[in-house]
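Please read the numbered points below with the structure open beside them. They are meant for a colleague who has not seen it before.

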Amino acid sequence: MYRKQVRRRRAVLALLVVSSFALLTATYGQRSGGLQRGVSAVFGPFQEGADRALKPARDLVNWFDQTFEARGQNERLQDEVEQLRSEVAAGKVALSENNQLRKLVGLQRAGELPLGFEPVTGRVIGKSPTVWYSTVTIDHGTSSGVRVNDPVINGDGLVGRITSATRGTAQVTLITDHTSAVSAMALTEDQGIQGVIKPEVGNPDDLILDFIDSNQHVRTSQLVVTAGFKARGLASFYPYGIPIGRVTDATIAEQEASQQVHVRPFADLRNLQFVQVLTK
């Protein structure tokens with residue numbers, strides 16, 4: 001009796017094994033990947049739960065990665081911006097210098113320099129430490145023929161005169177300095193109205209044509225040039241005809257009361273880079 005039960009159990013076990021092999025064969029024979037689907041069906045819920053549990057940690061790691069990457073990109077962009085800013089600044093300086101040099105060369109080619117003078121082109125290497133724009137220092141001196149009282153111009157007009165010089169440098173006192181006084185003339189159709197150009201202290205964009213004849217009226221927009229007078233052995237530091245500026249304010253009341261009008265200088269005395277000394 002016992003042996004029959006053992007044989008019966010063995011037969012059932014063998015049948016189960018054979019059925020299992022048959023099912024595996026049928027499963028591998030299908031192209032749809034039935035085994036993979038079965039495994040996914042069994043372990044899918046566990047994988048989904050693990051993904052949800054680990055998502056905050058993965059997000060934190062990704063946030064750190066993205067933050068460090070963005071910081072690196074920001075630093076690279078800042079370096080590129082600084083480099084481009086430096087290149088733009090250098091380009092603007094070069095363009096400004098080129099424009100000033102072109103104007104100086106243009107004066108020589110056009111023959112507009114006063115006769116009897118030899119121009120010495122110098123670069124401005126120092127400026128007065130005050131806000132009054134009173135002096136500048138250039139990189140040429142007595143070794144280049146520069147002497148005290150030589151007039152100084154740029155491509156736009158009168159700048160000032162040499163007031164001290166060494167072998168390699170010279171100091172230029174600008175027409176906006178409080179000690180400056182230039183014999184000048186407001187040009188009219190028939191004659192010039194003479195006076196003296198003095199600075200409006202504290203404003204390098206404004207000059208005063210003072211001591212004009214109250215019987216002669218200066219008009220707005222008239223050109224003002226150096227008078228270049230000579231009398232009884234005395235002569236102006238500045239030769240005749242150097243442009244100074246243009247009249248901007250010329251009310252009759254002010255002319256009659258104080259014998260003066262306002263003149264805007266042609267030369268940009270705030271931003272001098274190159275000048276010419278008219279040496280004799």
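1. Six strands form a closed barrel in the order β6-β7-β8-β13-β12-β9, with antiparallel pairing. Neighbouring strands of this sheet are turned by 40° against each other on average, direction ignored. Strands are DSSP runs of E with at least two residues, numbered from the N terminus, and two of them pair if DSSP finds at least two bridges between them. Axes here are lines fitted to C-alpha atoms, and angles run from 0 to 180 degrees between N-to-C directions.

2. The model is predicted: local features need pLDDT of at least 70, side-chain atom pairs count only at pLDDT 80 or more, and totals for chains, interfaces and linings use all residues. Residues are numbered from 1 along each chain as its sequence is written, and side-chain values use heavy atoms, with hydrogens and water left out.

3. P199 stands opposite L207 in β8.

4. The structure holds 2 salt bridges (a side-chain nitrogen of Lys or Arg within 4 Å of a carboxyl oxygen of Asp or Glu). One is between the side chains of D210 and K198, at 3.1 Å, N to O. This pair links distant parts of the chain, with D210 in strand β8 and K198 in strand β7, 12 residues apart. D210 is buried at 8% relative accessible area, while K198 is partly exposed at 29%. Buried means under 20% relative accessible area, exposed over 50%, and partly exposed in between (1.4 Å probe, protein chains only).

5. R270 forms a salt bridge with D205, and their closest N and O atoms are 3.5 Å apart. R270 lies in the loop between β13 (260–265) and β14 (274–279) and D205 in the loop between β7 and β8, so the pair ties together parts that are 65 residues apart in sequence. R270 is partly exposed, at 32% relative accessibility, and D205 is partly exposed, at 27%.

6. The largest nonpolar core has 38 residues, of which V159, I197 and I244 touch the most other members. Such a core is a set of buried Ala, Val, Leu, Ile, Met, Phe, Trp, Tyr and Cys residues joined through side-chain atoms within 4.5 Å. Leaving aside neighbours within four places in sequence, V159 is in contact (heavy atoms within 4.5 Å) with residues including V152, V172 and L269.

7. V152 sits in strand β3 (residues 151–153) and is buried, with a relative accessible area of 0%. V152 and Y238 are 86 residues apart in sequence and 8.8 Å apart in space, C-alpha to C-alpha.

Notes
Helix = DSSP H or I, 4+ residues; strand = E, 2+ residues; numbered from the N terminus.
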